[in-house]
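Hi everyone, thanks for making time this morning. Let me put the structure up, and then I'll walk you through a few parts of it.

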Amino acid sequence: MKTLKTLSIFFVLLVLSCGGNDETKKESSKVKLKTTEKKVEAKKTTTTKPSETIDLVNKGVGPITSVTLAPEVDQAMAAQGASIYKKMCTACHKPDKKFIGPAPKGIMERRTPEWIMNIILDPEGMVKNDPLAKALLMEFNGSPMANQNLTEEEARAVLEYFRTL
Amino acid sequence: MKNIIKISIGFLLIAFAFTSCNNSNSSQSKGALSSSAAEKVYVAPGEHDEFYAFVSGGFSGQLAVYGLPSGRLFKVIPVFSVDAEKAWGFNEETKPMLNTSYGFIPWDDSHHPDISQTNGELDGRWVFINGNNTPRIAKIDLTTFETTEIIEIPNTAGNHSSSYVTDNTEYVIAGTRFSIPVPQRDMSIKEYKGNFKGTLSFIKVDPEDGGMEIKFQLLMPGFNYDKAHPGRGKSHGWFFYTTYNTEEAHSLLEVNASQNDKDFIAAVNWKKIEEYVNNGGGTMMPTNYAHNVYDDRTHSATSTMIKEVLMVDPSEVPGAVYFLPTPKSPHGCDVDPTGEYIVGSGKLSSNVTVHSFTKMLDAIENEKFAGEAYGIPILNFEDILAGSVEQPGLGPLHTEFDGKGNAYTTFFISSEVVKWKLGTWEVLDRKPTYYSVGHLMIPGGNSQKPYGKYLLAMNKITKDRYLPTGPEVTQSAQLYDITGDKMELLLDFPTVGEPHYAAGIPADLIKSKSKKLFNLEENEHPYATKTPADVKVVRNGKEVHIYMTTIRSNMNPDNIEGVKVGDKVYFHVTNLEQDYDVPHGIAMIGANTSELLIMPGQTETFVWYPKKVGVWPFYCTDFCSALHQEMQGYVRVSPKNSNIELSWSLGED
């Protein structure tokens with residue numbers, strides 16, 4: 001009897017989850033957006049925004065576990081990175097001004113090189129597995145960072161370009 | 001333990017649900033059997049099907065992609081008919097694909113898909129399909145699953161004995177079902193006999209890029225060329241065509257084209273004709289046909305008109321064409337995987353006739369001719385007959401093979417599939433179809449290497465098989481398991497348009513090659529906008545060109561001013577995404593066209609004629625991200641005589 005009950009609850013849930021959920025989802029996410037906005041405002045005085053958080057330890061979660069930066073910027077690599085950045089990133093990131101996403105200017109003082117490359121190479125994975133990346137997504141209105149399918153070498157060049165900003 | 005009990009009760013209930021459904025439909029089915037049929041077609045969520053099935057849409061003009069054994073529909077590839085969902089024939093890039101010598105044609109009747117082959121085996125590079133009404137052959141690229149080439153076939157009408165490929169895709173062929181005056185001229189229909197002609201077209205396929213080119217046309221007597229099949233293996237180099245209306249009637253064909261006891265299968269030695277043509281044979285004839293090619297780099301199609309075609313008179317190439325007498329208006333023309341047997345299903349005959357290729361060659365060598373028609377030798381029926389399947393059913397149509405020595409023929413009138421044995425001609429099994437089956441398909445079943453696991457029967461009529469939907473009800477496909485001695489019906493599923501014929505292939509042969517996106521770097525569209533820095537709006541007289549980009553979740557620019565009533569506004573939209581499965585759409589209020597659906601790295605264009613003063617929104621139509629709703633913009637439209645300068649922006653106050 002108990003099992004039957006569980007089953008029927010299960011079936012009812014199934015039916016519920018099948019039909020008309022889209023609408024309710026939209027509604028609830030709208031509501032949520034409003035409340036998060038309020039929360040952020042309320043806490044403004046006490047907490048730092050994720051984009052302003054400084055974390056020079058966290059390497060993020062992704063393919064990059066270790067990056068060594070030479071003391072001097074490799075200008076050729078930086079130039080290559082600038083050109084990739086212009087093509088692949090400027091739709092959402094202006095170099096020195098918040099746009100759709102945060103500006104990369106000064107990012108080297110806030111993030112590890114590994115974290116930067118990981119968010120470029122696997123934004124979806126980072127949002128799922130890295131709490132800071134997730135917090136950033138919420139700060140930037142839930143606008144997901146696009147995976148532009150850069151190679152590791154290209155992401156490394158973009159990183160070098162960030163060093164010049 | 002408790003969980004296990006719960007789960008098993010769950011399964012029992014599900015099993016009960018299945019059996020109870022089946023019982024209510026048919027008193028014959030047995031519970032256990034039914035659940036095993038369900039298991040055989042069940043592809044668990046997230047799992048992939050074993051086969052792709054490319055099922056033609058018949059009068060829908062398209063090609064639908066299903067998975068087998070599940071029968072799930074993945075995509076409808078627009079081919080000959082416009083498709084507003086994908087902007088096919090609506091955007092500026094694909095309009096040339098539907099150009100013909102009659103101008104732009106938004107529709108056709110798509111019939112026979114056939115997958116390219118190498119050494120007589122499916123190679124999964126392209127699917128070819130014929131447009132029946134305004135004769136054309138299309139090629140679909142199986143990396144993008146998009147139509148990339150359409151060639152019009154001149155001197156042809158009712159392009160039905162098409163579009164089959166030879167063992168190495170040397171040629172894809174097209175043949176005329178309706179004979180016509182060649183070249184076209186003003187003449188009395190009553191003078192049909194002896195004056196009308198039927199052409200068989202040989203389209204050379206480039207082995208590298210699949211590019212099509214009509215190598216030659218064969219000018220045949222004025223019969224109806226119904227179906228065709230290339231020789232395989234030992235008969236490679238030959239092509240076989242069924243004919244009807246050898247009476248050359250021009251009216252009331254249902255009576256007048258059914259008078260002769262036997263019509264013909266035309267056997268064409270295309271290698272011989274190719275040699276003749278390569279040595280300068282044939283006559284260039286003036287004509288006019290369109291050749292349309294879509295380029296994945298420019299993301300655009302071009303249409304070229306071709307003004308001549310090489311015509312070959314078969315009587316001038318001795319040994320190139322023979323007629324094989326075949327009973328009663330043969331329809332299906334199928335060659336077994338070894339290439340020895342040529343099956344001609346006389347649709348008004350009670351038997352299925354099978355000719356022997358070896359015997360045919362022997363009769364030709366010994367010049368055992370029964371006569372000739374228009375200079376083409378006719379062989380003796382008895383000399384070439386391998387055997388016939390006696391009284392297997394009513395209205396035999398099409399045959400495919402399982403590679404294990406068995407043949408499967410559909411019977412339209414008696415609504416069944418009959419399994420019979422090659423060589424002994426004995427009937428091994430028969431199963432009903434629901435109802436009026438036309439073609440059938442076994443993956444690779446018309447090649448040298450069939451994958452004899454499933455058989456798909458395609459039905460013209462379904463009547464009571466599904467929930468009714470008014471006078472027009474769905475047509476259907478039915479899946480049979482053919483691994484055992486007896487066929488087992490596993491699944492019915494509804495189809496798009498008329499499922500005329502299909503081509504199936506193991507998924508493993510193509511799925512890893514399926515393209516995920518277009519590389520933005522390689523985009524050579526003349527109006528591509530590859531970086532936000534290149535976004536602009538340009539006026540050229542009354543033409544306004546908007547160079548726009550899309551990426552989650554904005555369209556750039558999203559505020560445009562300076563457009564005027566009477567302008568012709570081009571939206572050239574580039575999707576900057578370089579990630580899998582992130583297309584963007586765009587639609588403009590009041591634009592007399594469809595949306596665009598732009599794949600990552602692609603550029604597409606639509607035209608809008610602003611008619612009213614005001615501020616008009618456009619938005620993204622493909623749900624791309626959580627901020628999809630925010631992906632929108634405005635165009636300010638000012639009066640004709642306004643002097644507001646063009647300006648555009650994104651995110652500026």
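**Where the two chains meet**

So, this is a predicted model, and I'd like to begin at the contact between the chains: 22 residues of chain B are in contact with 19 residues of chain A. Which elements of chain B give two or more residues to that side? They are helix 1 (2–25), strand 35 (543–551) and strand 36 (554–556) of chain B. Helix 1 of chain B gives the most, with four residues.

Now, a word on confidence in chain A. Its pLDDT averages 81, and 72% of the residues score at least 70. Please look at residues 6–31 of chain A, though, where pLDDT stays under 50. For that stretch the model has four contacts beyond four places in sequence. Residues 33–44 of chain A also stay under 50, with one contact beyond four places in sequence.

The largest nonpolar core has 118 residues, and the ones touching the most other members are B:Ile203, B:Val268, B:Leu455 and B:Leu456. Strand 12 of chain B, residues 212–221, gives the most to this core, with six residues.

If you zoom in on B:Ile203, its contacts beyond four places in sequence include B:Ile137, B:Ile151 and B:Tyr171, and also B:Met212 and B:Ile214. There is a second, separate core too, of 34 residues, with B:Tyr527, B:Val563, B:Leu597 and B:Trp648 among them.

Definitions and conventions
Residues are numbered from 1 along each chain as its sequence is written. Chains are lettered from A and ligands numbered from 1 in the order in which they are written. This is a predicted model: local features need pLDDT of at least 70, side-chain atom pairs count only at pLDDT 80 or more; totals for chains, interfaces and linings use all residues. Two residues are in contact if their C-beta atoms, placed from the backbone, lie within 7 Å. pLDDT is the predictor's confidence in each residue, from 0 to 100. A nonpolar core is a set of buried Ala, Val, Leu, Ile, Met, Phe, Trp, Tyr and Cys residues joined through C-beta atoms within 7 Å. A residue is buried if 20 or more other C-beta atoms lie within 10 Å of its own, exposed if 12 or fewer, and partly exposed in between; C-beta atoms are placed from the backbone.
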